[in-house]
Amino acid sequence: MNSVPPTREDIENLERAWSDPPGFVGWLSAINHKAIGRRFIVTAFGFFVAGGLLAALMRLQLARPESKLIGPDLYNQLFTMHGSTMMFLFAVPVMQAVAVYLVPLMIGTRSVAFPRMNAFAFWIFLFGGVMLYVAFVLNVGPDAGWFAYVPLSGPQYSPGKRVDFWAQLITFTELSGLLEAIILVTTVFKLRAPGMSLNRIPLFVWGMVVTAFMVMFAMPAVMLASTALITDRLVGTHFFNPAEGGDPILWQHLFWFFGHPEVYFIFIPGLGFLSAIIATFARRPIYGYTAMVLSLIATGFLAFGLWVHHMFATNLPELGKSFFTAASLMIAIPSAVQIFCWIATLWTGKLNFKTPLLFVLAFFFILVMGGLTGLMLAAVPIDLQVHDTYFVVAHLHYVLIGGAVFPLFGAIYYWYPKFTGRLMSERLGKWNFWLFFIGFNVAFFPMHVLGMQGMPRRVYTYSAEMGWGPLNALASLGALVIAISVLLFVVNVFRSLRHGQIAGNDPWGGNTLEWSTASPPPACNWPALPVVHARDPMWEPWPEPTHVAGLATESREVLMTTVLDGRPDSRESFPKPTIWPFVTALATTVLFVGTIFTPWALIWGLLPVGIAATIWFWPRRVDTAKHLALERQP
């Protein structure tokens, strides 16, 4: 390691080595983490807009009593598609997408681990989402709710292929999520810049590590559940059929063992966004770094002890429910620790009230309200009264939108200069914020009152005598304001691509490593990898050595470091771009869609998947020789 800057020739060689190929085939072959991250983000936001349009149609139907705009069958598809889109195609994937782009930049490396697998995960995610919406357009969209409770989703009550498409969507999205979790954990533990020990990792990166471990433990449960469901429907097994020894409650245990940690898959990355934004706009490091990290880890552990609070209305032992009530209350403790650390940071800082910070401040108000209603629902007597009412709908949206979408909007405004090299419009950003904040509260706060008045969720209409019309009209008006806000955000994004102010490398004066490279970053991220000497490297002096020397400039070579201390360990040659992850994902899609219609597709569909994967992983003689030569070097 030394401080000698790379030559112009070195920089040109690095750009050639790390760039993806040009042309359409090159676009399909891309494996650069920034290209895949951008595609993930754009695709997830596309599904967000689609899910929002479905929600707008539902609010239009419910705006007045006895509306006949949408019939019950289409309404069932709408609310199932809306929930499935937001939970499986937007909330978790977009958090992983931002991490795919930012984590290598924040820890000082040139790539994610397993870059080809990263591309494969994106194509699987894209094809799974497209499959679901094609089914919806062809009137075979799922209609049993995004939770697909049995026996409603079983063969007796849901004939046809609607639930089958939903079950396969789960397989697609969870496969993609599992792969991304493996990639992120390996990247953070083995590819950090020299000097970045565990106690110097940025809080956003810590949040993604905790999330990735949660994904690896939780997602197999829902994959097992969806596989059992589709075999019940297509093969004639009886996992959930009580007449044949099955148990419908088993579905709820498996699904919610995944489903409640999923809330924290969405929530914990949002906490990481907040830590990055608050530190920058308060102009001081986050208060209580160690307490923040331990709180993230504690939240991840406790999240796996809450799933039964979704099942308080089932015939489970009352003593058992009491333990889950206690766990549901206990998880508020690490969240409170983080909130107090953020408040201490803001209180002692010199605040710069830009758009990202406004979204952060709104988070405090909305999430605390959602958390308070969560504490109410943790009590069995209250939960039994409001369990299937709009009170739960309001709570869910306050937690998920407050805990994820508000921080996400703030993160996009914060890191947009790093993605594009330009700043987003502050004027449009503030309009976006205020309309979203006001529209959100107008849309969802009345639902608390509707729930207390007894309005059940999952109904497509109601009679005028119930007296729910005015509050539903108000909620629908709020949904319209939200739609206008999101439209302003989209306009701001595309307008700023061409007309936004040139940002420079570090427009906000950030404290983390990604602000030390160009905006947008070059293909290799850094011409010379940095050496880290402090927890906030951009706010500390850079003593010698400042950069890593000795890595190859004409090939995709990365530096591996030790897990605990971030000390240089070895060098590894990474693979080049190839089209075979795309081909393998396409063959996998054909396999899973085919099994919806015939079990024989499992046998015949494995053949093209096996061929594509074999070509993908087939060792190249030239690459093997280079790798052996690198191993022999001192």
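Buried here means under 20% relative accessible area, exposed means over 50%, and partly exposed is whatever falls in between (1.4 Å probe, protein chains only). The structure is a predicted model, in which local features need pLDDT of at least 70, side-chain atom pairs count only at pLDDT 80 or more, and totals for chains, interfaces and linings use all residues. Residues are numbered from 1 along each chain as its sequence is written, and side-chain values use heavy atoms, with hydrogens and water left out.

As for the overall build, the chain carries 19 helices and two strands, where helices (H or I, at least four residues) and strands (E, at least two) are DSSP runs numbered from the N terminus. The C-alpha atoms fill a box of roughly 80 × 60 × 50 Å along the principal axes.

Of the 634 residues, 57% are buried. Contacts (heavy atoms within 4.5 Å) reach well along the sequence: among those between residues at least 6 apart, 80% join residues at least 24 apart.

Next come the charges. Lys and Arg count as positive and Asp and Glu as negative, while His and the chain ends are not counted. Each charge is placed at NZ of Lys, CZ of Arg, CG of Asp or CD of Glu. On that basis, the mean positions of the 38 positive and 32 negative charges lie 7 Å apart.

A search of the whole structure turns up ten salt bridges, each being a side-chain nitrogen of Lys or Arg within 4 Å of a carboxyl oxygen of Asp or Glu. Asp-164 takes part in two of the pairings: its closest N and O atoms are 3.9 Å apart with Lys-161 and 2.6 Å apart with Arg-233. The Arg-233 pair links distant parts of the chain, since Arg-233 sits in helix H7 (residues 203–234) and Asp-164 in helix H6 (residues 162–190), 69 residues apart. Asp-164 is buried, at 1% relative accessible area, and Arg-233 counts as buried at 13%, whereas Lys-161 is partly exposed at 27%.

Helix H10 (residues 318–330) holds both Glu-318 and Lys-321, three residues apart, or about one turn of the helix. These two form a salt bridge with closest N and O atoms 3.3 Å apart. Glu-318 is exposed at 53%, but Lys-321 is buried at 3%. Elsewhere, salt bridges that share partners join Asp-73, Asp-143 and Arg-162 into one network.

Leu-513 lies in the loop between helix H16 (469–499) and strand E1 (557–561). Leu-513 is buried, with a relative accessible area of 1%. Not counting residues up to four places away in sequence, Leu-513 touches several residues, including Leu-105, Met-106, Ala-193, Met-196, Trp-526 and Trp-542. The C-alpha atoms of Leu-513 and Thr-80, 433 residues apart along the chain, are separated by 41 Å.
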